[in-house]
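Dear colleague,

Please find below the structure that I am handing over to you, together with its sequence.

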Amino acid sequence: MRNPLSDKIVTIKPSGIRKFFDIVSEMEDALSLGVGEPDFDTPWHIRDEGIYSLEKGRTFYTSNAGLKELRVEICNYLKRRFGLEYDPVHEVILTVGGSEAIDIALRAMLNPGDEVIIPQPCFVSYEPCAVLADGVPVIINLKAENEFRLTAQELEEAITDKTKVLVLPFPNNPTGAIMERKDLEAIAEVVIRHDIFVITDEIYAELSYGSERHVSIAELPGMKERTVLINGFSKAYAMTGWRLGYCCAPAVIAEQMLKIHQFAIMCAPTTSQYAAVEAIKNGDVDVERMREEYNQRRRYLMHAFAEMGLPCFEPYGAFYVFPCIREFGLTSDEFATRFLQEEKVAVVPGAAFGDCGEGYLRISYAYSLESLKVAIGRLADFVGRLKAERDRER
Amino acid sequence: MREELLRIIEKNSRIDLKELAVILGVEEIDVANALADLETEGVICGYHTLIDWEKTSLEQVSALIEVRVTPQRGQGFDHIAERIYKYPEVNAVYLISGGYDLLITLEGKSLKEISAFVSDKLAPLESILSTATHFILKKYKDHGTVLSKKHVDQREKITP
């Protein structure tokens, strides 16, 4: 029989998270600090609208781009939060999570051989999606001493005459890093000077804890026309399972993205879209309440790390912290595996998010403070034990 | 900080000062001062424990009583409300808009005890026009906490 597979897909490695997932699934009593989704239930008024839409028999396809009413509400939201003006008819597409938006944006923009700059550590999808779109990923290894922000110099050094797109993943999964206005201004200057485009994944935009609220690079002068803005409902409104994201792009790009979406997906889930109208219209209070709680947990973790002597830069976004475990002479994979075996707590090795994540762990605080305390107590025990081992060897 | 502090201790009044300081990102002394101020101002009126008596061996019956009253000259509803809330078995007294005036919640050992309270103590009070007593059969949720079900984390243990 002939080989049924495409060479391209075979070369792509499965997500580094997968292996760990399989181990943890076997351990029923394991605690986890390994999830990338909110612990809150979707607020009831939002779920209620989803249920109501089903009762009313709204069980058909929507238009390819999504419900008009929802696109209008998304534009209203972007206007009131970021001062961004998008045309709901030609510039907004509802997608199956932010993930689909990443895929169709890259496919709509890349020609074979075009380089895509991807700062790592980052979410696991950009690199394989770029490869699937015939692009060439160019990785920037972000540095802890810059709090894992992307600097203009790092970008400048990565740009070649083949560079087409920069992926900008902030607030960042897995590091929790953010980019403030001044950081983005420096990036925008380089982007415009080299005439490249930006795909900015702002799925964690609402989960930002610094004194400055999240800034979108699309807000900066000259940037909106060269930016694909990706956001969604999963993280802000605790709606991961509804699979609903969106992207906003200049009409010339959105038109082509819509073609891929139309042929591959048809439209985002209808029930989710009705629920999302309620979320974006009346969900600000819920977002505020959840952000407040995440921030309390974030402060608790920073304090706990300081007490156990685990170095960690203070992250101001998403719901992750990214402590450094280099001092123990274990890889992040070894650390996470031993921690799981000895203390029955799952964390994700930093290396799952790119080579430069080696030496770090992603710890999620999408857990109640009570659960965090138990798991972090075990981490403190484990770290204490490793330190004692190390000191004995000296 | 005050509102955030109140939201935290409304759910967990046992949380200690040190932990409050950590999660609020302030000093312990600031938390202590804020709590003292809130107590002095009467914003914090007490530190209670939410108990599901159903799960104990104690026999306990709760009732809601709707009361219609004639307000008294010069005192409105306050005087009659006070007469009612002074009974220790009365849990709460609210002035209500709509079809009746006062809503009382009451706890007793038995239906008989609550009936006796209504017929012997409440109904005979002057200015009370009528009462309607509703016995509570089951508490699903109280003070924002769901009593009947335990929350189970249904997420996959590791996700990107």
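In what follows, Ala, Val, Leu, Ile, Met, Phe, Trp, Tyr, Cys and Pro are counted as nonpolar, Asp, Glu, Lys and Arg as charged, and the others, Gly among them, as polar. Please note that this is a predicted model.

The second largest pocket

By that classification, the second largest pocket is lined by 23 nonpolar, 15 polar and nine charged residues. Its volume is about 1,100 Å³. The lining comprises 47 residues, and those closest to the centre of the pocket are A:Ser15, A:Phe123, A:Val124, A:Ser125 and A:Pro128. Four elements of chain A give two or more residues each to this lining: the helices α2 (16-26), α5 (97-109) and α6 (126-132), and the strand β4 (136-141).

The interface of chain B and chain A

On the side of chain B, 18 residues are in contact with 35 residues of chain A. The area buried between the two chains is about 2,000 Å², and carbon and sulfur atoms give 53% of this area. Within chain B, the residues that lose the most area to chain A are B:Arg155, B:Lys157 and B:Ile158, which together account for 37% of what that side buries.

As to polar interactions, 17 residue pairs are in polar contact between chain B and chain A, counting pairs with both residues at pLDDT 80 or more. Two helices of chain B, α1 (2-11) and α2 (17-24), each supply at least two residues of the side that touches chain A. The largest share of that side comes from α2(B), with five residues. By class, the side of chain B that touches chain A divides into six nonpolar, four polar and eight charged residues.

Three salt bridges are found across the interface of chain B and chain A. A salt bridge also joins the side chains of A:Glu292 and B:Arg7, with an N to O distance of 2.6 Å.

Salt bridges in the whole structure

Over all chains, the search finds 41 salt bridges. In chain A, A:Arg298 and A:Glu314 form a salt bridge in which the closest N and O atoms are 2.9 Å apart. A:Arg298 belongs to helix α11 (284-308) of chain A, whereas A:Glu314 lies in the loop between α11 and β9 (320-321), so the pair ties together parts that are 16 residues apart in sequence.

Backbone features of chain A

Two cis peptide bonds deserve mention. The bond that joins A:Gln120 and A:Pro121 is cis, with omega about 5 degrees; A:Pro121 lies in the loop between β3 (115-120) and α6 of chain A. The peptide bond from A:Phe170 to A:Pro171 is likewise cis, with omega near -10 degrees, and A:Pro171 is found in the loop between β5 (163-168) and α8 (181-193) of chain A.

Finally, A:Asp134, a residue other than glycine, has a positive phi, near 70 degrees. A:Asp134 is located in the loop between α6 and β4 of chain A.

With kind regards

Key. Residues numbered from 1 in each chain as written. Chains lettered and ligands numbered in written order. Heavy atoms only, no water. 1 Å grid on protein atoms, 1.4 Å probe; cavity = no way out; pocket = protein on both sides within 12 Å on 5 of 7 lines; lining within 4 Å. Points joined across faces, edges and corners; volume = space filled by probe spheres on them. Contact = heavy atoms within 4.5 Å. Buried area = accessible area lost by both parts, 1.4 Å probe. Salt bridge = Lys/Arg side-chain N within 4 Å of Asp/Glu carboxyl O. Polar contact = N/O pair within 3.5 Å; in protein donor to acceptor, adjacent residues only side chain to side chain.
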